Amino acid sequence: MHLSYPLHPYIHRAYEILEPFFIRDVIVSKKNGGHGLLYSEDQYMQVLNLLPECAAVIREMLQESWSTKKSTPLERWNDLKKHISFFIKQGNFSSGRKNSTEERSKKVAKTLHVNYEDEKNRQLLEIFCVEIVIRYTYPRIDINVSKMRNHLLKSPFCVHPKTGRVCVPISKTEHRTFDPFAVPTISQIVQEYFAATKAAAPDSSEKGDDEMVISKDPASKQSCRHKWEHTSLYPYYTKFQNEFLIPLTKESLSYQRQNVTDRKDAVNMDF
Amino acid sequence: MTIDMMFPDTEGEVDSTTIPRPTAVTSEDLTPNDETKHNTTTTLIDPSTQSPRAVSGAPAVTPYPPPSHRTISSSTEEPSVTAPLLSLYYQHLFPYDFIYQWFRYGTGTNSSSGGNSMNLFLHREFSFTIQNPQKDEIYLRYQSYASESDFASAVQKRCPMKIDIGAIFSHPPVQKHTLGSALTPIEREFVLDIDLTDYDDIRNCGCQQAQICPVCWKYMSMAMATLNVALREDFGFHHLQWFYSGRRGIHGWICDAAAKTLTDAGRTAVANYLTVRLHFCHHACGLCACGLFDSLRTNRMEFLSWGHSHHSFSYMTVRSTWERKRIKTCICRIRYIPTFIVLTRF
């Protein structure tokens, strides 16, 4: 399956966003935190084998060059783009195979005095690099979850039953640096909470778990409204409040107020 | 220069103007500078020093620390979440006020509407998965609560292994047994679910299924970067929040009024717009891009762009029209969705 030509602006924009990720996180070797797509031979051959038949000469040239000459994945990616652009310029896209399946397209191409097969091959080559980036980086959403209103989804702030990790919000400033391994687990935060309780009031430990006895020192977190503020959940939840919940609540409240005003005006015929 | 060369350290951002456009790529478009800079030391990234990037701009291509051997899978993490731990968590640490403030959307008691508008929290479905002592799972659907305290009491009493959130219904969902099919969903946030399991064919870090590691987790960063731009710029959604799912993926909640009032057909259309599938499709839903593509190829119809004019139609309508009526006047060249699908009003 291929992308259509010319590229939809959406695809082009996605390519612009994803190509730096592709270079940093996909083509580099595993030692450097990537998937080695253009590092190891079996991986880069997968990519070269996706080239259309008309560009078999590029495949052979690059295979030979990369297996003999040592180069970084970034150099190989730039190499691939360079070779494709030169190949497109020289203009010979014949693959030597007859494609007899799409008669109507051939008739259209004929009227435009264009060799249909060559034109198709040229288009495939032009968008080849975009296809590779999209194929290896574009998000894969589970469409069944999104399409029905009554599809249930796990609640935020729950604990995952198998891993014990809390479903924490991801701050919009940390999309690229979010570390799932640093997300606290339920046992960790419960321990932190009780350690903080004990530290805050060591002589009141017999009072029971349901009382959060805060230190009498006003400088301490006496004004903590939430008990999670004493745990590793604090940074996640405060950012969630500031970045999402407060703006959403403000907008919802003003929308409701506007609704009430409109209803009153309608009753009083005041427009 | 060795074959095991570290990724070159670039001090600035990748120049987006050098990214090839759909027309022919020339050698001048490629920046040779990146190839000459080499960093032989490992640089640990301190997140606090990283400057925030514009969502639509290219991120700095910085070296990433070598992956640790940390993985998350159900077999390596703590084997179970015990009932006593859950009880303590729900008693002290679960943020009931966040859930209530969020999902009431300004309605309910103490609201500015004076109680005249529908209490959206009361009409919201919650569902609990409870584990009984025999380790069976009991699934309780259509739970609803009028206030934060009712919700908190129920959760603390039930101690569910999992809480799920459903739609806002026409009536309080607890009345399901009396209303039957009269209970209909009316609003729901637009949600996205992305799992690393769906990347198994391109994950070369050694992880499969529920296993994740720092290397393959980066696909989630890519997903958030791409989808945030699409949702903000193409649809005008602002109230987006991503959550870690707890194991192998992320969930996105889009809470704008326009998103909440999307019909099922609208949601399918938006989800298909955000879907580009060049890999083998494991989904058997028939509504995904490759399913439609196969249907088109079978019918051997070619269509030209429908354009962004007043000729708007929903994805569902078009599909049934194409399959049933074989419109010859409509000419769109479609190789995949979302090239030329124009959405209905939403």
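1. Exposed here is over 50% relative accessible area, buried under 20% and partly exposed in between, with a 1.4 Å probe and protein chains only. Helices are DSSP runs of H or I with at least four residues, strands are E runs of at least two, and both are numbered from the N terminus. Bear in mind that this is a predicted model, where local features need pLDDT of at least 70 and side-chain atom pairs count only at pLDDT 80 or more, while totals for chains, interfaces and linings use all residues. Residues are numbered from 1 along each chain as its sequence is written, chains are lettered from A and ligands numbered from 1 in the order in which they are written, and side-chain values use heavy atoms, leaving out hydrogens and water.

2. A:Asp25 sits in helix 1 (residues 9-26) of chain A and, at 1% relative accessibility, counts as buried. Its side chain makes a polar contact with the side chain of A:Arg24 at 2.9 Å. (A polar contact is a pair of N or O atoms within 3.5 Å; within protein, one must be able to donate a hydrogen and the other to accept it, and residues adjacent in sequence count only if both atoms are side-chain atoms.) Beyond neighbours within four places in sequence, A:Asp25 is in contact (heavy atoms within 4.5 Å) with A:Gly33, A:Gly34, A:His35, B:Lys218 and B:Met222.

3. On to the rings: there are 42 aromatic pairs over all chains. Rings of Phe, Tyr and Trp (its six-membered ring) pair if their centres lie within 6.5 Å; planes under 30 degrees apart are stacked, over 60 edge-to-face and the rest tilted. A:Phe178 and A:Tyr236 are edge-to-face, at 6.5 Å centre to centre and 75° between the planes. A:Phe178 lies in the loop between strand 2 (169-170) and helix 9 (186-200) and A:Tyr236 in helix 10 (residues 234-268), all of chain A, so the pair ties together parts 58 residues apart in sequence.
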